[in-house]
Every structure is written in structure tokens, then in C-alpha cells.
Amino acid sequence: MRMSQTGDLWWKTAVVYCADVQTFYDSDSDGIGDLRGMTEQVEYLADLGITCLWLMPIYPTPSKDDGYDITDFYGVDRRLGTHGDFVELVRTARAHGIRVILDFVMNHTSDQHPWFKSARRSTDAPFRDWFVWSPTKPKTNPKDVVFPDKEDSIWELEPKTGEYYLHHFYKHQPDLNVTHPGVQEEIARTLGFWLELGVSGFRVDAVPFLFTPDRVPADHHHIRFDPKRYLADVRKYVTRRVGDALLLGEVNLPYKDQKTYFGGADGDGLNMQFDFAAMQALYLALAREDARPIEGALRRRPALDVTSQWANFVRNHDELTLDQLTDEERQEVFDAFGPEPGMQLFGRGLRRRLPSMLGGDGRRLRLVYSIMFSLPGTPVLFYGEEIGMAENLDVPGRLSVRTPMQWGDDPSGGFSDAPPRKLTRPMPDGLYSPERVNVANQRHDQDSLWWFIRNLIRLRRQYPQLGWSTVEVPRTKPRSVLAHLAKEEDGWTMLALHNLAPESALVDVSVGEVEPGSTLYDLLNDRSEHPVGKDGSVQIEVEGYGYRWLLLHRPGDRPPQ
């Protein structure tokens, strides 16, 4: 690891935490989380070990799509607070060693945005060309409809003009025409505004939708618009404003397509992308108790330039998408973790959180997070994962996993002093209610999931090489055991073993050629040492649903920390 680069490329060793302000902490007892409440909980995030806070949208919104329908890209929704509150949050977070990145929706606006309200009035109205229009209704490929339960087309008639506007998402979210210089300039101005307020970058929503052919209006086909070139221009712009600014992209595509969004050899595209392929393969592997699906994904994972990074995650704020699996594979995951129709969404994913999917099995829960944190790349947590929060299936759609954070064991979960009926959304009940699952209890119990996640984060920060390393997947048996090597160019090596089955397994694996006298030191469990043969071979037992992080220690190396 080149130590001179670690500060400039801070995202390589970050631990990212995604939070929704309106469901995190309510400071004024109105039942809605707010920016001041988020600021009050910065100490909690610092104690957990978080180094980057990703905020879901905070902009003014009609909230028909939980804030992703925006009416003012420069504003702060008044229910959440003010610009002053936002700046205070950024300042407080930075004082605790935490950077803040902001969700940015480049793809569309709300139909209540002033631009679209103007554009829809007439064919020659101001801002008309800032959206994509067609005089006739183009055909829609059903695969292009993001929300098939609500929409059957990506084109909607505007009665006032008799023309159709493009909307890849809901009809109340018209797509922006990013080929238009005015739109490009406004996007840059918006990004620059928030950078001036102290953010360290952006999570860019729905990136591939900027690249679809239907985005170029029919009367603009003479324009040579290269979306990837435009993405590179955005990267250059934000780094001119803030030299180490981050662009974290949501790009749910196969690896071969995803790689292009990082840009060329110099990484002139997105800095970081979520590894959707490995995430989906992980769930298939868990369903089968067979490591081969995730082994295959990790072997296909492309190597990146030094400035780029993969983001590892167990789930995000949307449905748990499984769209890269085959129909048969997806059904296997459904059968294992979401067999009831009400647990599924759009036929492509699950609207559940991990603890309930695993039936509350704490061993498997820890196994999954050990896998995520041990992989080369940057770990990303969704709020509440650290305490094992579950979903509330009574809440419709994707919002089932966006219930209020459970801080305490009272009926409102310590989230608010307001009564439960006034909360943003109702809490889960039963086994996963705040009475049973909450921060306060787990912070006082060193055997809790919270402490386990905290210790994994401490190990990640203690060994920043994990963020700089590349992954290798050696051949091993039995099939239930995932073995992967994290290797850094200076020779630093860690072997991780994860047993996806309930029976213990004796694992034969090789770490490659090593110096005589080398050992593997157990960082996570009993701190035992395991001698390694000259050919790098080692035999280790891993208990059912067990996990080991084994640091290669050569003669002459400093003792492991």
C-alpha cells in the first residue's frame, strides 16, 4: 500500500453508513427525523467506527417516492431542517472524523419541479427542451419499466400539448434531457453548491438510465452525446472543486458493462460502484449453502485502476434486487428467504432485511457480515444493520425496510418522543420490535451484534490494506466453504474462510508460495497461529456457520496487532 496516497483516496479505506434523515432521529418530537437529530447522533456513528455518512435525499419533495422526486436541487426539505442545520451536521461530522456524501438524482425531477411545470405548458415553453418529449408514443420494452406494479410504459401523455414525456421511473418523475447544455450546466452548478457546503461527494442515483438511447430526443439526434464522456466531465468538475471528492455510482449491471463506468485506465469515471453481482451471488450461495456462486462472482470481478473501488454491501435502501440471477436461481432465493408473495417485489427482489430472512439465526447473521467486511473493497452499511433491524411488511413496497431507527425499548423505539401513531412509519413488531432489538441494549452487551459489527469495523481500520487489496479465490473443498485471499502489492496477505453450512468443515487451502516458517494468525477468533507448508498449504477446521480472518505472518514480520 502506497501510504502517500491513502489520504487522497480516502474512499479506499472508508466505512460508509447510509441513513435516511427522516427515519434516523427526531429532535423536535413531531414524529419525523431531522438534521438536528442526525447531528445529535454523530457521536454514535463515530463510536461505531463510521468514517463516511451517506445521506438519502434531503431536498424539498412531494415525497411520492420517498424523496427521490425532487422539486428543488438546492433546497432542504423544511420537515428536515434548514441549510444551517445541514452545515452544522457536516461540521460536527467532520470534527468526529466522518465525511458526508449526499444522494444526488441526476436522472429526473418531480413533476412539481418548476422546470417541468413550465415545460409542460406548451411546446415552446421555457425549459421545454430540458425534458424528453415525443409527438407520438414510442413503444416500451417491458424490461425498461422500473416499477411494473405501478407503470406499464415509460412514456406519459401530457394533455396540454398532446406530446409524451419520458419517465423511466414513476410518471410523476419526468426524465431530464442531459444532452441539453442548460441541464448539464445546472447539474454542475448544483454539485458545486453542495460541495461548497462541505460535502465530500455524492452517491449518484440510477446511473445507467443516463445512458439509454431513448434519452436523446428525436429532434436532437444530430447531437453527438457521449454519456460516458459526460460522466468523465462531471468527475473532472467535482475534483476541480474538491480534489478528493467522491462519486459513488448505483450501477446494477453485469461486471463487463459496469467496468466502463469507472472510465479509462486513469479512472476518469465513477470513483466507486456497488458490487451488485457479488451481492446477489452471496444470497444464492446462502440459499444453497454452497460457496460456488460467490466464488464465481469474485473470480469475474474486474481489476480496477488505483483510484477506483468496489463497494461491498449486504443490502441497500431499495428492494433486495436479484435481477442478475436466472429465473431458476432467483426462485431458489425466494424459496429460502422470502417464500410468501408479500415478501417479494416486482418479481425481481425481496423487501426484507437480513435478520428475518435468516430466521433470526445470529450465527448466520455474523457469518454474512464477516464475509462483507473481509472482502477487498469498501464496506457499506444501511442504517439499523448493526443491530439486526428487520422490515415491517405492513408498510407498502420498498418502504418496508425504511422504518425508524430503533434506539431504545419504548413504543416509539427511542426514535421520537411522539406517540407511535405519529411516526414517519410504523416500527416492526414481534421478535424484531424495539422492545427486543435496539441500540441501547446492544451497546451494553458485548456479545451483541452491535459489538460484533463494531469489532469488524475496528479490524478494517486497523488493517487498511483490505481497502487496497485485490481478491483471489483459491480452489478448496468442501463446497460449503468460501475461501478468498486479500492481497496487497507489497505482499500483505489475509486468508478469509467462511463456512456456509451448519456442519463443521476441515478445509485444505493454499495461500501460495511462502517463506519457510510462515504462519497464519487468527485475527478474529482465538488469535491462534497455524503453520503454513512451503507450498503455502494449510489445513484448518471451520465450525458450522463459522468464519476466520487469517493474516499471513512471515519470519521477520512485525507481530500482528
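Residues count as buried under 20% relative accessible area, exposed over 50% and partly exposed in between (1.4 Å probe, protein chains only). By this scale Glu 43 is partly exposed, with a relative accessible area of 42%.

The model is predicted: local features need pLDDT of at least 70, side-chain atom pairs count only at pLDDT 80 or more, and totals for chains, interfaces and linings use all residues. Residues are numbered from 1 along each chain as its sequence is written, and side-chain values use heavy atoms, with hydrogens and water left out.

A salt bridge is a side-chain nitrogen of Lys or Arg within 4 Å of a carboxyl oxygen of Asp or Glu. The whole structure holds 34 salt bridges.

| Pair | Closest N and O atoms |
|---|---|
| Arg 443 and Glu 43 | 3.7 Å |
| Glu 472 and Lys 487 | 3.5 Å |

Arg 443 and Glu 43 form a salt bridge; Arg 443 lies in helix α13 and Glu 43 in helix α2 (residues 42–48), so this pair ties together parts that are 400 residues apart in sequence. Helices here are DSSP runs (H or I, at least four residues), as are strands (E, at least two), numbered from the N terminus. Arg 443 is partly exposed at 26%.

Glu 186 and Arg 189 sit 3 residues apart in helix α5 (residues 181–196), about one turn of the helix. Glu 186 is buried, at 13% relative accessibility, whereas Arg 189 is partly exposed at 39%.

A network of salt bridges links Asp 65, Asp 66, Asp 318, Glu 319, Arg 348, Arg 398, Arg 402 and Arg 425.
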